[in-house]
Amino acid sequence: MIERVRVAVAGVGNNTSALVQGIALYRQTGNLVGIRKPVIDGLGVGDIDFVAAFATSEEKLGKDLTEAVFLPPNNFPRLDCDLPPAGVPVTRGLVDESEVDRVAAALAGAEVLLYAAPSGRPRTALAYAEAARRAGVAFINTTADPVARDPESLARFEAAGLPLVGDDLASQFGTSVVHDALLRLLAERGMTLVSSYQVNLGGTEDFRNLVENPNTKKQSKLNALSGAGRVELAPLGYLPHLGSHKVAHLNIEAQGWGGTAVSLDVKLKVHDPSGAAGVNIDLIRLAASALRGGRGGYLTEASPLLKSVPGSAV
Ligand SMILES: NC(=O)c1ccc[n+]([C@@H]2O[C@H](COP(=O)([O-])OP(=O)(O)OC[C@H]3O[C@@H](n4cnc5c(N)ncnc54)[C@H](O)[C@@H]3O)[C@@H](O)[C@H]2O)c1
């Protein structure tokens with residue numbers, strides 16, 4: 001029987017809620033709806049146990065992970081499944097490098113640290129990565145802050161022989177992958193891109209934070225697109241009534257045969273945290289498999305699931 005992956009999470013927000021609930025649902029039903037890869041290197045979707053969880057909000061501290069995921073401002077809905085207690089109390093995380101050793105000690109027994117705190121806090125991201133490295137744990141940076149794009153951090157993971165995955169996950173069927181696919185199709189079919197934009201609106205805490213802290217996210221979103229020189233991103237919009245939905249509008253203006261105009265508008269509506277969970281489930285299994293196989297440094301097989309790979313702009 002396969003040994004389940006032991007995962008720690010930093011950040012008990014909507015993405016962690018979607019991941020924790022989804023794993024319980026898939027274990028109970030065995031269905032494969034919305035799963036990209038049922039099995040990765042022998043690991044199924046249900047082969048994941050949570051062993052530690054870090055948060056900073058007082059209301060979540062001390063609660064079981066399965067209880068904390070429903071506390072506000074989280075607003076990802078309850079999935080239709082039983083959620084037995086994980087037996088994992090949420091403990092205090094860190095905000096900077098001063099508490100790396102304490103968090104590293106709390107990671108004992110974990111194989112993978114999934115970093116899912118708000119984007120726009122680069123020092124916090126690097127501090128969690130350092131805690132993972134000291135604990136001998138693989139690190140996944142789902143945020144737009146540079147960790148895999150930080151040459152020193154990458155070198156430390158390479159030297160330690162530990163897997164590093166990042167930066168910024170590309171949602172399973174989100175704005176970036178749909179926009180990029182359309183831009184690639186346009187080029188493949190010989191059209192000439194004139195201009196393009198995307199508008200992203202959402203009602204999650206992530207959106208609220210990104211409206212205030214758009215810096216690292218904006219560049220990361222551009223890194224995920226081909227033809228980025230002609231693509232513009234409208235400022236993100238936080239609309240609380242959208243709840244965990246994200247609504248994106250994509251526009252592409254192009255020229256075809258003889259310079260005639262081609263215009264394409266797309267509206268995409270998804271549950272944003274589901275898009276993250278559908279990718280995090282694969283990143284966790286890739287990272288665990290590499291760790292178990294003794295492969296360290298940046299995991300190139302994760303690149304299609306990320307927005308900002310090492311070497312891309314910060
Ligand atoms: N589709 C997506 O949702 C998507 C796609 C790509 C990237 N991301 C990124 O994933 C991350 C998580 O997204 P989310 O929707 O779960 O966000 P969220 O705001 O719902 O959750 C983040 C949680 O981290 C907590 N937190 C803040 N500082 C912390 C610290 N120092 N240590 C531990 N916890 C801390 C917050 O209190 C919050 O509960 C964000 O950085 C987001 O930009 C999300």
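Predicted model: local features only at pLDDT ≥ 70, side-chain atom pairs only at ≥ 80, totals over all residues.
Residues are numbered from 1 along each chain as its sequence is written, and side-chain values use heavy atoms, with hydrogens and water left out.

**Exercise 1.** Find how the protein is divided into domains.

*Solution.* Start with the bounds, which come from an automatic or database domain assignment. Domain 1 covers 5–170 + 274–305, and domain 2 covers 175–271. Next, check the spacing: their C-alpha centres lie 27 Å apart. Then look at the contact (heavy atoms within 4.5 Å): domain 1 supplies 17 residues and domain 2 supplies 15.

**Exercise 2.** Work out what area is buried between domain 1 and domain 2.

*Solution.* Buried area is the accessible area (1.4 Å probe) that two parts lose on being put together, summed over both. Here that's about 1,200 Å², with 46% from carbon and sulfur atoms. Now pick out residues: on the domain 1 side, Asn75, Ser119 and Asp168 lose the most area to domain 2, together 31% of what that side buries.

**Exercise 3.** Track down the salt bridge between the domains.

*Solution.* You need a side-chain nitrogen of Lys or Arg within 4 Å of a carboxyl oxygen of Asp or Glu. The count between domain 1 and domain 2 is one. Asp168 forms a salt bridge with Lys217, and their closest N and O atoms are 3.0 Å apart.
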